[in-house]
Amino acid sequence: MDQNFYQQIFESQKGVPVVPPNQVISSWADALICLLFPERADCFPISTEEVQHKFGLRQKELESILVVTDTCKQISNKARNFFHRLPELYRLLNTDIEAILSGDPAAKTRFEVIRAYPGFFAIAYYRIANALLTLQVPHLPRILTEHAHGITGIDIHPGATIGAYFCIDHGSGTVIGESTLIGDHVKIYQGVTLGALSVDKSLMDQKRHPTVEDGVVIYSNATILGGDTVIGSNSIVGGNVWLTRSIPPNSKVYHRPSIDLVEQDVLG
């Protein structure tokens, strides 16, 4: 090949942020989730002291990742603050487990939700990523949520704000945008999009995604768009609904398809 091409590739590498491989970052998150929820693990601590020791190891691993991430500053403080917030993150994840277990008739046990449910996996990764994002950790939050997206088909931006008792049922194709605000006790199904009405780059610092208040249920393939769109508390949004405006609390919104059924005689 032309020597100029080699030079072009070399020049393109200058100034690219140094970030550990995605596998290293996701492996750290997996180890942390397994420590928080031994239902996902294959070995268990034998004492409180060992639990403490393993959390210490996870904190050191995070520090090591942040050290390599060359645009990250105040590394020790950020790692320490993340682990100070871990009890609250753990509390929230337990509310999510409870919401999935109580909201899905097919969910039989807590173990099943933690080990097998893609909704819980995606939410766990989101909550870790969101905690890192609030500490202004660069790159890692989006890498983590995209890892979960690749595994589950559930796309949650780490910048979204999601309350307690959050349930994603099935979840494939679900999209939750960056500035989405979701209250407590919200349940959504597969294919739901909480997105922006416009993708104009000039709007990047504005609220572009909907607000979903407490107690809302959104059924499969519903699309709700716009930063000014508010789904009032305890409302139900039916499947395949397209919404670009607010609805008041306690509303029910349904899509009415036109379906024709033609019965044919079957010749014997």
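Here is a quick tour of this protein, from its overall build down to a few single residues. Keep in mind that the model is predicted. The protein has eight helices and 14 strands, and buried residues make up 44% of its 268 residues.

**The overall build**

- If you trace the C-alpha atoms along the principal axes, the protein spans about 65 × 60 × 50 Å.
- Now look at the contacts with a separation of 6 or more: 45% of them are accounted for by residues 24 or more positions apart.

**The largest pocket**

- Rolling a probe the size of a water molecule over the atoms shows where empty space is left.
- The largest pocket holds about 190 Å³ of space.
- Which element gives the most to its lining? That's α7, with five residues.
- Three elements, α5 (86–103), α7 (118–134) and β2 (161–162), each supply at least two residues of the lining.
- Sorted by class, the lining has six nonpolar residues, along with three polar and three charged ones.

**Aromatic rings and a buried leucine**

- The structure holds seven aromatic pairs. One of them is Phe82 with Phe83, an edge-to-face pair with 5.3 Å centre to centre and 80° between the planes.
- Phe82 and Phe83 are both buried, and together with Trp28 they form one aromatic cluster.
- Is Leu62 buried or exposed? It counts as buried, because its relative accessibility is 0%.
- Leu62 and Ala29 sit 33 residues apart in sequence, and their C-alpha atoms are 9.2 Å apart in space.

**A buried serine in a loop**

- Ser179 has its place in the loop between β4 (175–176) and β5 (181–182).
- Ser179 has a relative accessible area of 16%, so it counts as buried.
- What does the side chain of Ser179 make a polar contact with? Its partner is the side chain of His209, at 2.7 Å.
- His209 also turns up in the list of residues in contact with Ser179 once neighbours within four places in sequence are left aside; the others are Gln206, Lys207, Arg208 and Pro210.

**Two residues with a positive phi**

- Some background first: most residues other than glycine have a negative phi, and most peptide bonds are trans.
- His139 is not a glycine, yet it has a positive phi of about 70°. You'll find His139 in the loop between α7 and α8 (140–152).
- His139 counts as partly exposed because its relative accessibility is 35%.
- Asn240 is another residue other than glycine with a positive phi, this time near 65°.
- Where does Asn240 lie? Look in the loop between β12 (236–237) and β13 (242–243).
- Asn240 has a relative accessible area of 47%, so it is partly exposed.

Conventions: Residues numbered from 1 in each chain as written. Heavy atoms only, no water. 1 Å grid on protein atoms, 1.4 Å probe; cavity = no way out; pocket = protein on both sides within 12 Å on 5 of 7 lines; lining within 4 Å. Points joined across faces, edges and corners; volume = space filled by probe spheres on them. Helix = DSSP H or I, 4+ residues; strand = E, 2+ residues; numbered from the N terminus. Nonpolar A, V, L, I, M, F, W, Y, C, P; charged D, E, K, R; others polar. Phe/Tyr/Trp six-rings, centres within 6.5 Å; stacked < 30°, edge-to-face > 60°. Buried < 20%, exposed > 50% of the residue type's maximum accessible area, 1.4 Å probe, protein only. Polar contact = N/O pair within 3.5 Å; in protein donor to acceptor, adjacent residues only side chain to side chain. Contact = heavy atoms within 4.5 Å.
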